[in-house]
Amino acid sequence: MSLAISRRAALAASAGTMLFPGTDLRAQGANPITIGCGLSLTGALASTAKSVLLSAQIFVEDINAKGGVLGRPVQLIHYDDQSNPANAPRIYTKLIDVDKVDLVVTSGTNLTTPAMPVVMERNRLLMATLALAVNDKFKYPRFFQTMPYGPHGAEAISAGFFNAAMGIDPKPKTVALVGADAEFSKTAVSGARDQVKKHGLKIVYDRTYPPPTVDFGPIIRGIAASSPDIVYIGSYPIDTAGMIRSARELGFKPQMFGGGMVGTQVGGIKADLGEALNDVVSYELYVPAMADKLPLVEPMLKRYQPRAAEAGVDQLGFYVPPQIYATFEILAQAVQGTGGTDQDKLTNFIRATTFKTLYGDMAFGPDGEWREPRMLHVQYRGLKGQGLEQFKRPDAHVILDPPVWKTGDLRAPFAGGKS
Amino acid sequence: MTGDAPLSRPPMGTLAFWCWAAAFTGVVYLAGRWVTNDYVFFAGYIVLQYVLLATAWNILGGYAGYVNFGTAAFFAIGAYISTALNKWLGLPLPVLILAGAAVCGLIGLLMGGLTLKLQGVFFSIATLALAIVTQALITNWEYVGGAAGAYVIRPSRGPLGGSYVEYLFYTMLLLATLAVCIARTVERSAAGYGLAAIRDDEAAAEAAGVPTMKLKVATTVLSGALMGAAGAPLPFFVTYLDPPSAFNLAVAVNTIAMPLVGGTATWIGPVIGAVLLSIVQEAAMVTISSAVNLLLVGLIMIGFITLAPNGIMGLLRGRRR
């Protein structure tokens, strides 16, 4: 096999790359199976979306190296929505009407919602990732979602936290709720309120703060003044780091501290917070303690991590890569299983099948969400100083919930780390 | 930007211009009925939305020289009024547009009354503050979803036949045409000359008997109302409205960049700038990269400000001379 590339072919490839940077030319061949997606490669959601793109590219390389699907290469076509929902409708219209993609994948709640009418009007199958409870409003039968929220999305972000909290002896009686005035955190705190009612707790602090907040000392002081047994926080990455640091600096030690804290899942923030994360409880999608039961994830991450370092994205890859890889595995298995890209057949196949993926078995319920939720709630333990490598140890994340994945009990009170 | 004399007036009278504009709208409508690809309507909607916004901005920023950084606030208020009334009463889109325009016109009146005594950079800072305050208020307005955003389920078919997006495109076409006609009418009226006098030297204009305050407030009302009308269909276009997308920086930046690129002294400048820049941005998004989008706008703006401060129309006028 000759590896030589003609000058004309090289020129054509270069020109193609310049004209269509969102297409993976290496995967092009006769009649490829095209998967179209909008990704937030710039703007507020860029760091996660770049990780999504890299994971998808690794899958496409893997599947094409094995000969593609049904003998056809798989090709990814993506456009940057700039983290702006207003761009999503025309991106998905272009993907479906102009690029004629065979399959549509979306990423993110706010970017999936505006894509829904476009997809629904064309009766297309939609495979969503990282989207929270979008189909609760649309009830579209061809919608599927690979984030493991299960059928009750808002509840899933906090249920595990409160399940773990109720294991504290003596049982906690009071709770403080605080969240950023933004979409995810409000949903998380709203779900937490339902959990508070369910477990008969008393709310002693319930506030929101504006997203641009940078000084979290006053918020933590306010919470501390109300002396809650446990603290549930719905926060975004910058707030997450600010809340944890402020709690440490002020020596705040409730029985349990954490919540739906976006950012604790990502390598850069983990490494930066380091031992300040000790005893914090937050949600995760994958942690090394699951490696025994999901043996295919670590080899995939071994390939992802060096490329992520080059690309400047999440270097651990626990958060989205396994889920994204599995999303594309499901699509490939569905195309293989139905013998084509007929949207009716694909929908019926996905609804009826339990998929074997590197992220575990996945089956979808009537609303297109995971039949059973698998949001992990973990407590960070045994961290020293700062640094990324320590998070690769299985005991750095102790899984508290769900029970089937549990690797340890909650350690209370919240005392670890440097104060 | 200041000190421009209007370009040589086209010989066409105002009534004839309105007739030609109506004919143009009709031709585009008929041509649109042959288009079967919705992407054309999606992309066209964005171009027309920016024609409307740039024209609205130019009535105050170009004709009177008062730079408004609060475009996103008026645009977002129009969108949120539309969302709220749709949720409350389920009114048809044209009524929602009128309501959005009316509320934004009223806000323009209040803002104009309070801030137009300030000149230059102080007025601009006040408009920027309006955008920030409005975003904070809407983020805490739970009826329209607050920070979590609001879902708007649009019908799949429009009332004119065809898809609902096609209907949105024609609605925006009508609004943009109307805005251009209004802008040209203002430009060629006594009010237009008064605004040009304010732009050149407000104190001299006042001394010459131009009712500067009344003119500025009236212009702010008109400009705000048109921006509100531009925002009103947005919830149906996106189907999901949250504060970051309604108050998006790109809206404010583009709305100022487009008249600057096209030329601020005449009605045609913002139209040229809006069509040019929005097409460049759309092309960049689906070919090069979105990361390049705002960079392109920034570079084009810098280029025009330094090399052609009177925009494309200024360049053309220079050639004619």
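1. How many bridges join strand E13 of chain A to E14(A)? The two strands, residues 376-380 for E13(A) and residues 397-401 for E14(A), run antiparallel and are joined by 4 bridges. Strands are DSSP runs of type E with at least two residues, helices are runs of H or I with at least four, and both are numbered from the N terminus. Strands pair if DSSP finds at least two bridges between them.

2. This is a predicted model, in which local features need pLDDT of at least 70 and side-chain atom pairs count only at pLDDT 80 or more, while totals for chains, interfaces and linings use all residues. Residues are numbered from 1 along each chain as its sequence is written, and chains are lettered from A in the order in which they are written.

3. Within E14(A), Ile399(A) is the bridge partner of Val378(A). E14(A) is mostly covered, with 5 of its 5 residues buried (20 or more other C-beta atoms within 10 Å of a residue's own, C-beta atoms being placed from the backbone).

4. Helices H7(A), residues 153-165, and H8(A), residues 183-199, pack at about 50°, their axes 7 Å apart. Axes are lines fitted to C-alpha atoms over the stretch in contact, and angles run from 0 to 180 degrees between N-to-C directions.

5. Chain B gives 30 residues to its contact with chain A, and chain A gives 30 residues (contact: C-beta atoms, placed from the backbone, within 7 Å). On the side of chain B, H2(B) provides the largest share, 4 residues.

Note on methods:
Buried ≥ 20, exposed ≤ 12 C-beta atoms within 10 Å, placed from the backbone. Contact = placed C-beta atoms within 7 Å.
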